[in-house]
Amino acid sequence: MLISSLSIILIISTFKFISSSPAIKDRNRFITNDWAFNGLIPYTIDLSSVTGDNLRYINEAIQQINDKTAVVLYWRTTELTYLEIVNKDGRCYAPEIGVTPNKANIVQIDVENCAIQPEQRTAMALKAILSALGLGPTQNREDRDKYVAINFDKMDQSSIDKYKIADVNEYDDCLSYDYLSVMHDNRFKDYDPKQAESGCNTATNPDLCPVTITAKDPEYQKKIGFATELSKKDIQCINGLYSRCRVAFYSEDNFKGTKYYPFGNKDNSTRANVWGLPYYDESDLEALGLYGKEINSMEIEVEPYTNCSVAFGMDFNSIATIGDNSKNSQSKSFRFTRSELTNLGFTDDKINLLQVNEISPCEYNLNGRIKLRGNGNYKTNSFKTIGDGTTFEKIDWIEIRLINK
């Protein structure tokens, strides 16, 4: 069954205030309280160890995340669960994918030691931060052997364990394989120096260095691990992961076969339907690996106190409630087999439009830069990116309240 010639809209409405609670590790997303479902993530930077150009590249990475994704990284005040960016050992990584609650979750960044080329330095900072937000190494995906060959015989033996295929419980493979992701390692990563030819230098004489990762599509061999910014799939992975409703499509019935996940709210789009809501067009779906794919089942993960509705059709007119979790305090999954999708109105055509949208009863934008959703109050100076000169001189607090329905 091919889903297409239809568009899908998931309309999310939050019905009830959720009181703050300690962080939990849920599919590796950064969840500190009800706000984190909307991607508001506190961080600090150890300014005694992070200085100079390293600080500049880290701020560029934070700004890119804030500008291009639905996540907002903001300066911590008193939050118990947060990211702490440090430079202690000259590397770029997060010790674990996702976070541990009620503590500072360390993100180690020293871009000058991590990047082969200067233009990669922002991307190396992005890679470390995105690891803490829940994205894993691309070359460790379950399907990696279809796309790359890992040359263990060329590696430093102490690094081999880093390239084991990830367990399903570690993190979910996001969308389809992405050679251009900032999360992909380069072709020389962890090579055995004893096998390098004289003059080996990955920046100036790369042909003399052992190749540890070989792309099965030759077009990407010299591109893997050399991204300079977030790819389209990186952006969608973060947006989907931090949506209140996350959609997974399966190529086979009964939730088997290839999984395309997660599809959530598409922020920062210049396209909108008649309701003014952003959507995925053919070019978006092609870039994300979903356009024209055979879809036979679907699963929707819905956050607490959330109702998901689906709208079908080119004009987005037909709406059906398919994931009502508005009265529950726990997340819930709704699953639809091929026959159930047919009953909902899906047809055997190609998917050429897709819309997954979140609607909150209250939303506030501060100077077009910071988007807040939901209840609560925020001290505005907590949204300052350290070192970038951002100040809010006229406003001390922003307060947002919902009327319970």
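A disulfide is taken here as a pair of cysteine sulfur atoms within 2.5 Å, and in general terms such a link is a covalent bond between the sulfur atoms of two cysteines. The structure is a predicted model, in which local features need pLDDT of at least 70 and side-chain atom pairs count only at pLDDT 80 or more, while totals for chains, interfaces and linings use all residues. Residues are numbered from 1 along each chain as its sequence is written, and side-chain values use heavy atoms, with hydrogens and water left out.

A search of the whole structure finds 3 disulfides. When the bonded cysteines of the protein chain are numbered in sequence order, their pairing reads 1-2, 3-6, 4-5. One of the links is formed by Cys 92 and Cys 114, whose sulfur atoms are 2.1 Å apart, and with 100° about the S-S bond this link is right-handed. Cys 92 lies in the loop between strand 6 and strand 7, whereas Cys 114 belongs to helix 2 (residues 111–114), so the pair ties together parts that are 22 residues apart in sequence. Helices (H or I, at least four residues) and strands (E, at least two) are DSSP runs, numbered from the N terminus. Cys 92 counts as buried at 14% relative accessibility, where buried means under 20% relative accessible area, exposed means over 50%, and partly exposed lies in between (1.4 Å probe, protein chains only).

Another disulfide joins Cys 174 to Cys 237, with an S to S distance of 1.8 Å. The torsion about the S-S bond of Cys 174 and Cys 237 is about -120°, so this disulfide is left-handed. Because Cys 174 sits in the loop between strand 8 (148–150) and strand 9 (213–215) and Cys 237 in helix 4 (residues 232–241), the pair ties together parts that are 63 residues apart in sequence. Cys 174 is buried, with a relative accessible area of 13%, and Cys 237 is buried as well, with a relative accessible area of 6%. A further disulfide links Cys 200 and Cys 209 (S to S 2.1 Å); the torsion about its S-S bond is about 110°, so the link is right-handed, and both Cys 200 and Cys 209 are buried.

The chain also contains an open sheet of 4 strands, arranged in the order 5-4-6-7 with parallel pairing, where two strands pair if DSSP finds at least two bridges between them. Strand 5 (72–75) and strand 7 (104–108) stand at the edges, each with a single partner strand, so one side of each is left without a neighbour in the sheet. From one strand to the next, the twist averages 35°. Strand 4 (residues 40–45) and strand 6 (residues 82–86), which run parallel, are joined by 3 bridges, and Ile 45 has Ile 85 as its bridge partner in strand 6. Helix 1 (residues 52–68) packs on this sheet and touches strand 4, strand 5 and strand 6, its direction making about 175° with that of strand 4. Contact means heavy atoms within 4.5 Å, and axes are lines fitted to C-alpha atoms, for helices over the stretch in contact, with angles running from 0 to 180 degrees between N-to-C directions.

Helix 3 (residues 121–133) has 13 residues and should span 18 Å at 1.5 Å a residue, which agrees with the 19 Å between its end C-alpha atoms; the expected span is 1.5 Å times one less than the number of residues. Just after helix 3, Gly 134 takes a positive phi of about 125°.
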